[in-house]
Amino acid sequence: MKKHYVLDFDGTLFNIQMLWERWLDELVACDVDREDAIDKGNQLFGEGFNLRDHGEQMGIEGGELDELVSGFEEYVQAEALTMLYPDVVPFLQEQDATFTLLTFGDHDFQHFKIEAVGLDEYIEDIRIARPERRKSLQLKELCKSTDDEVIFIDDNPRELVAALDGGLPVTAIRMMRGGPRNSDAHDGDGERWQMVTSLAEIE
């Protein structure tokens with residue numbers, strides 16, 4: 001049976017922590033309190049984070065905000081490949097499989113990052129989850145549309161739990177890249193899903 005990999009992006013394929021720390025540095029340079037920026041950013045992550053909304057919440061506006069966002073987008077375009085984990089492209093090249101990206105966030109910002117790392121040639125479909133259309137719902141729709149073996153890889157155990165508790169016919173794998181993001185142990189680790197630190201560990 002052919003395999004269909006459904007891959008999370010941030011924290012699974014892309015080092016979002018590196019991007020986040022750089023953005024925080026930029027905000028601090030604009031006299032924003034770092035801890036306040038982290039708190040407000042965490043609130044936005046649940047809705048769909050983008051640079052402009054976060055900057056506005058931190059009190060940056062007008063031309064200063066425009067310059068901040070455009071400058072940071074130029075940085076992302078120039079440095080995005082350094083944030084793509086080194087095992088990603090070899091895995092996509094070597095597998096005789098179908099690939100879908102299933103990521104949560106702001107539609108435009110997620111597409112911007114994905115295009116910046118140049119994964120378009122390997123990916124059949126890009127799906128952006130939102131609070132009103134969670135990953136589990138989109139995964140359910142995908143499972144109904146294919147006879148392939150669906151393998152769902154995400155760094156967030158809550159997303160894996162939602163898929164499995166929903167009875168979806170998927171093989172779940174938790175990506176553990178290290179660092180502070182989604183690093184806490186979970187009861188499902190090693191029981192309900194395999195744990196890997198690299199795509200190269202997946203057979």
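Gln-57 is partly exposed, with a relative accessible area of 38%, a value that lies between the limit of under 20% for buried residues and that of over 50% for exposed ones. The structure in which this residue is described is a predicted model. Gln-57 belongs to helix 3. When its neighbours within four places in sequence are left aside, Gln-57 is in contact with Lys-40 and Leu-44. Lys-40 stands 17 residues from Gln-57 in sequence, and the two C-alpha atoms are 7.4 Å apart in space.

The packing of helices may be considered next. Two packed helices are described by the angle between their axes and the distance between the axes. For helix 1 (residues 16-29) and helix 2 (residues 34-45), the angle is about 130° and the axes lie 10 Å apart. On the side of helix 1, the contact is made by Trp-20, Glu-21, Leu-24, Asp-25, Leu-27 and Val-28, which meet Arg-34, Ala-37, Ile-38, Gly-41 and Phe-45 of helix 2. Seven of the residues in this contact are nonpolar, one is polar and three are charged.

Helix 1 also takes part in the surroundings of another helix. Helix 6 (residues 107-117) is mostly covered, with eight of its eleven residues buried. These buried residues are Phe-109, Gln-110, His-111, Phe-112, Lys-113, Ile-114, Ala-116 and Val-117. They pack against helix 1, helix 3 (51-57) and helix 4 (62-83), and also against strand 2 and strand 3.

Six strands, with parallel pairing, form an open sheet in the order 3-2-1-4-5-6. Strand 3 (125-129) and strand 6 (194-196) stand at its edges; each has a single partner strand, so one side of each is left without a neighbour in the sheet. On average, neighbouring strands of the sheet are turned by 25° against each other, direction ignored. Strand 2 (residues 97-104) and strand 3 run parallel and are joined by five bridges. Within strand 3, Ile-126 stands opposite Leu-101.

How values were computed. Residues are numbered from 1 along each chain as its sequence is written. This is a predicted model: local features need pLDDT of at least 70, side-chain atom pairs count only at pLDDT 80 or more; totals for chains, interfaces and linings use all residues. Side-chain values use heavy atoms; hydrogens and water are left out. Two strands pair if DSSP finds at least two bridges between them. Helices (H or I, at least four residues) and strands (E, at least two) are DSSP runs, numbered from the N terminus. Axes are lines fitted to C-alpha atoms, for helices over the stretch in contact, and angles run from 0 to 180 degrees between N-to-C directions. Contact means heavy atoms within 4.5 Å. Ala, Val, Leu, Ile, Met, Phe, Trp, Tyr, Cys and Pro count as nonpolar, Asp, Glu, Lys and Arg as charged, and the others, Gly among them, as polar. Buried means under 20% relative accessible area, exposed over 50%, partly exposed in between (1.4 Å probe, protein chains only).
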